[in-house]
Structure formats: C-alpha cells, structure tokens
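Below is a short note for a colleague who has not seen this structure before. Please read the points with the model open.

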Amino acid sequence: MRDISKGCKACDLYRRGTQTVFGEGPPTADLMLVGEQPGDAEDLAGHPFVGPAGKLLDRALEEAGIDRSLVYVTNVVKHFKWEPRGKRRIHAKPNAGEIGACRPWLETEIALVKPRVLVCLGATAAQALLGRSFKVTQQRGTFVASPLAPRVTATVHPSSILRAPDDESRRAEMAEFVKDLKTVAKAIRNSDV
Ligand code: SF4
C-alpha cells in the first residue's frame, strides 16, 4: 500500500509536497498514533514524525513507558501542505476535502494493522476521526466508543508543545502529554482484545 500511495493524485496536495509520507511501524502494532500531516522535515525525509515534533514525541513515549519501536505512526493526510513565507515553508492546515480524499489510505492502514489502541494527536486528527464535536482540550485522554479500534482516544499534537510561549508552560504541557500517554500505556496493558 505504501508503494501504491506514492502515485496518489486524489487531491491537489501531491503537487505541493515532495513525496507521499505513509505511516510506519510494526504491521501488527498494538498502538497506532495518528497525527495531522507530515511536516517540513518529514516531507523531505519521506518518514513520519522524524522532525522536531517527532523527537518530542519520542521523549514523551519513553517517559510514559511506551516502546517507540512497537508503535505505528501515521497521519490523516499523507502530503505536506504548506505556504511559502520568504524562503521557509510554513505549515498550512489541510481542509475537509483533502482529509476526505486521503481517508482511504488511513482506513487501509487501520484495517491492516488492527491496533488495539488508537490515539489521535491534535484537533485535526481527532475531529476527522471522532467527529466535529470532539474537543481535544476538554476530552483529551478519555476513551470514546469508535469502530476504528477497541480503545480510541485523543490528546494534543506534540507540535503544540513546541509552540508553547515559554519554558514553564512547555514543561507543564509536556507533563500533561506524558500523563495522557501513560493512560494509553495502561490501556494497552489492560486490553484483553
Ligand atoms: S494528500 Fe493524500 S489524497 Fe492527497 S494526493 Fe496525497 S496521498 Fe493522495
């Protein structure tokens, strides 16, 4: 599926991104993390969560006691959407049409991996997969009924922690993120499905 996705032209984002960035991880992973879209570093590398947000995610997973090598990571949109600002490429939020066009790739990943626990990272992934009424700020870390996996929840995207205005709030947000991931680790341990 990864190879086939390289030729996807189901929306216009293939014109803007360098390449399709498909999900990665063990094909039978218990845990799947779903973010919004690849960022600048991921677009160039062709791998998900390898940039600054991915490195923060690695640290948070380690602190939560989750083995990163056993996690499947992916995004609701597989191409980097960006706007030029000077010489920089600035993240642009994917729209509903782009998210919908890309959805079959994510559904295929979920169907093949069959994770026991699925975690949406950030509002875009949460609202795409759990509905427009899902509010990450209010419902983060709580499990909701979903046909996607036996246990489904959402938390913030690690990039939001990088955007914290100062060190103190960054530390506080990191602690909350790790707390959510510890809840996820517990759900994996206690899951009998
Ligand atoms: S963003 Fe998704 S649907 Fe759009 S071209 Fe890329 S892989 Fe295809």
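Buried means under 20% relative accessible area, exposed over 50%, and partly exposed in between, with a 1.4 Å probe and protein chains only.

1. This is a predicted model, in which local features need pLDDT of at least 70, side-chain atom pairs count only at pLDDT 80 or more, and totals for chains, interfaces and linings use all residues. Residues are numbered from 1 along each chain as its sequence is written, and side-chain values use heavy atoms, leaving out hydrogens and water.

2. Nine helices and six strands make up the count for the protein chain; helices (H or I, at least four residues) and strands (E, at least two) are DSSP runs numbered from the N terminus. Of its 193 residues, 49% count as buried.

3. The C-alpha atoms fill a box of roughly 45 × 40 × 30 Å along the principal axes.

4. Which residue in the loop between helix 5 (96–113) and strand 5 (117–121) deserves a look? Lys114 lies there, and has a positive phi of about 50° although it is not a glycine. Lys114 counts as exposed, at 61% relative accessibility.

5. Phe49 lies in the loop between helix 3 (40–45) and helix 4 (52–64). Its phi is near 55°, a positive value in a residue other than glycine. Is Phe49 buried or exposed? Phe49 is buried, with a relative accessible area of 6%.
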